[in-house]
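Colleague: Walk me through the helix and strand packing here. I want the criterion behind each term.

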Amino acid sequence: MQRTHALTTTLIGLSLIGPLGAQSPPRAAAPPTSGSASNPSARPAAAPARAAEQLVTLSFNNAEIAEVARAVALITGRSVVLDPRVKGTLTLNTDRPVSKAAAYSQFLAALRLQGFAVVETAGLYKVVPESEAKLQGGNVIETTPSGPGSQIATQIFRLQHENANNLVPVLRPLISPNNTINVNTGNNSLVITDYNDNLQRIGRIVAVLDVPNASDLEIIALQHAIAADVAPLLARLLESQGPGPSTAQGAADTGYRTTVLAEPRANAIIIRAANPARAALARSLLQRLDQPGSPAGPAGNIHVVYLKNAEATKLAATLRAAMAATDSRSGSTAPAAPSSAGPSGPSVSAASQPNTGGLIQADPTTNALVISAPEPLYRQLRAVIDQLDTRRAQVLVESLIVEVRADKAEEFGIQWQGPIGSRGDGTIGLLGTNFGTGGNNILTLQSQAASGAVLPGRGFNFGVLSRNSGTYTLSLLGRFLQESGDGNILSTPTLLTLDNEEAKIVVGQNVPFVTGQYTSSNSGTAGAVNPFQTIERRDVGLTLRVKPQISENGTVRLQIYQEVSSISPAVSNSGLITNKRSIESNVIVEDGNIVVLGGLLQDEFSGNADRVPGLADIPLLGHLFRSETRKRSKSNLMVFLRPIVVRDANATQSLSIDRYDLMRGLQQSAQPQPSSALQLQGAPVLPPAAPGQGPSIAPLWRPTLPGAPGSTARPVAPPAPAAVPNGP
């Protein structure tokens with residue numbers, strides 16, 4: 001079949017970029033042929049105003065898509081690239097001249113009907129199958145799309161009232177089968193990839209659905225019941241009647257739910273219902289629950305209060321002390337117990353005790369309070385209990401103990417010994433020098449050689465042996481030694497404890513120290529000796545003891561005791577020697593900030609010189625008459641600390657998961673190399689854990705895994721909020 005295609009434009013150049021990036025050479029204008037469209041703007045009588053509008057007439061009948069795309073690229077000045085899978089013919093006609101934008105829109109619409117789409121990426125327009133368009137990038141917008149209606153784009157809809165998950169079943173049928181809709185539950189938003197005209201329609205639908213549908217806040221004061229007791233019961237009743245009401249802890253759940261809160265000070269219930277019908281149901285249930293109790297009887301004034309966070313024993317003591325102080329100011333006393341006369345005479349009555357107006361006992365097994373008091377007093381006590389029984393914040397205390405040490409030592413000395421006289425003389429003199437002790441002394445080495453065991457000192461040694469009467473003796477000894485040692489110690493003890501609760505961590509050894517000893521002779525056995533020692537065990541290592549206190553303005557007051565101890569290599573006659581460095585201080589730190597507790601910068605130099613007076617000062621030759629030793633030791637010790645306040649379960653979970661993943665990564669990097677001879681191939685690894693909720697708290701110091709660049713102990717700032725990506 002013969003295919004014809006033609007393109008006529010008004011005042012448009014013929015040297016343009018085609019769809020495949022190749023530049024077309026200039027061509028002369030050809031007269032119209034059969035099947036081509038006329039070009040009214042090419043006539044001499046065309047008006048200049050019409051020429052300025054750049055109108056074009058399209059006439060493509062069963063033309064190849066590649067040729068049509070090339071023509072559209074020439075008209076619009078865009079760089080168009082075709083996917084190799086885009087093949088087929090296209091029919092595109094306009095009855096009258098249209099603008100370039102309208103011609104481009106008609107081209108996109110024709111491609112869309114053929115199952116193809118155009119995706120823009122960095123100024124490049126790619127024609128791909130519609131099923132692949134969502135993977136090829138495209139614009140990411142948050143407002144109404146302004147481009148051609150048949151072009152693929154991604155739009156983010158941030159919902160203010162409605163839950164994003166609730167809109168997915170509504171919007172999914174309205175989106176092209178090859179395009180996607182996703183939900184981001186973190187910020188309650190929808191991410192939709194589709195054509196621009198469909199995104200505009202979806203935007204209007206979302207605007208209508210995303211409206212507040214909850215009733216206003218309603219505060220209902222209770223006359224008889226306790227608000228803290230009624231709120232959980234009312235929430236459960238509403239949940240059984242319909243879709244999900246929630247208490248304060250569950251208000252941020254999926255969807256908008258009926259919220260029920262207790263206000264202890266006014267003994268009222270705060271209700272925010274999803275609709276007026278739910279609000280009326282809540283009022284009806286609350287009216288039935290707020291009924292006066294039974295008349296006071298044997299157990300009419302006994303109440304049981306189950307605590308959620310506080311400790312029953314401590315709270316009972318606090319309440320009893322508060323009630324006793326109140327009654328002592330009012331001057332009331334408990335009536336004396338009745339006395340009874342026994343056979344031997346009248347008994348002494350029990351001493352009068354303060355009347356607290358009620359009885360408060362703690363049940364540690366269930367962590368509950370048993371209160372025996374009239375209803376008005378019970379209401380007062382319950383209001384105090386609700387204020388004290390709150391979740392306490394926790395404090396994570398991270399500590400860094402950084403020690404950098406450098407030791408250098410140098411030794412240089414020459415020793416010599418020689419006889420003065422001839423063989424056979426009655427008297428022979430000796431002349432020489434000897435310095436140092438042990439294997440560094442020439443005379444000691446000579447005596448060791450006579451016994452057949454020579455143990456020279458460390459370093460470079462050279463000597464000269466002289467033969468006397470068939471025996472070789474050491475006559476000259478030179479020693480050169482230079483040694484250096486570096487140390488880099490990093491300890492990171494970490495503690496998590498409740499506010500105003502002391503915590504302690506000890507990492508080290510339990511070392512025995514002899515505190516006394518004596519020896520006793522056994523009289524029954526001749527010559528038997530019975531030694532006896534008393535030993536005390538002490539912790540040697542790293543100790544951190546901290547007690548945090550969180551203030552209202554967010555600062556943390558810390559009572560700190562930190563100790564680093566070790567056993568010295570030197571041993572005295574009295575026993576072991578321990579090195580100890582400790583810090584005991586009270587500081588105030590902002591939440592998440594780093595503070596230096598203390599440090600020690602130490603630089604020691606020691607020198608020792610053995611020399612022969614006078615002769616050692618001779619230039620050059622004086623080295624034969626002296627021995628020198630020099631040593632320098634530098635140590636830098638710093639202790640850093642950072643407290644982090646953990647106020648809710650999400651922050652605790654995030655913190656635990658972060659440390660859990662850190663240890664799991666270290667285990668994975670410490671796997672042994674595969675071996676064909678050994679059957680045990682893998683070391684144990686922690687199972688993967690699901691990420692926690694809430695913001696992530698970066699550790700003060702994170703070790704570098706093997707094979708990665710080295711790390712230094714430096715503060716790590718909390719991660720910044722994640723940005724919206726530029727693609728689906």
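This is a predicted model: local features need pLDDT of at least 70, side-chain atom pairs count only at pLDDT 80 or more; totals for chains, interfaces and linings use all residues.

Colleague: What makes E11 and E13 a pair?

Modeller: Two strands pair if DSSP finds at least two bridges between them. E11 and E13 have four bridges, in the antiparallel sense. Strands (E, at least two residues) and helices (H or I, at least four) are DSSP runs, numbered from the N terminus.

Colleague: Which strand does E12 pair with, and over how many bridges?

Modeller: E13, residues 268-272, over five bridges, and again antiparallel. Thr259 has Arg272 as its bridge partner, and Glu263 has Ala268. E12 and E13 form a hairpin with four residues between them. In the turn, Asn267 has a positive phi of about 50°.

Colleague: What is the strand order in the open sheet, and which strands are at the edge?

Modeller: The order is E11-E13-E12, with antiparallel pairing. E11 (218-221) and E12 (259-263) are the edge strands, since each pairs on one side only. Neighbouring strands are turned by 25° against each other on average, direction ignored.

Colleague: Which helix lies across E11 and E13?

Modeller: Helix H7, residues 276-289, running at about 10° to E11. Axes are lines fitted to C-alpha atoms, for helices over the stretch in contact, and angles run from 0 to 180 degrees between N-to-C directions. Contact means heavy atoms within 4.5 Å.

Colleague: Why are H2 and H3 called roughly antiparallel?

Modeller: Over 145 degrees counts as roughly antiparallel, under 35 as roughly parallel, 65 to 115 as roughly perpendicular, and the rest as oblique. H2 (residues 65-76) and H3 (residues 100-113) pack at about 155°, with their axes 10 Å apart. H2 and H3 are therefore roughly antiparallel.

Colleague: Which residues meet between H2 and H3?

Modeller: From H2, Ile65, Val68, Ala69, Val72, Ile75 and Thr76; from H3, Lys100, Tyr104, Phe107 and Leu111. They divide into eight nonpolar, one polar and one charged. Ala, Val, Leu, Ile, Met, Phe, Trp, Tyr, Cys and Pro count as nonpolar, Asp, Glu, Lys and Arg as charged, and the others, Gly among them, as polar.

Methods:
Residues are numbered from 1 along each chain as its sequence is written. Side-chain values use heavy atoms; hydrogens and water are left out.
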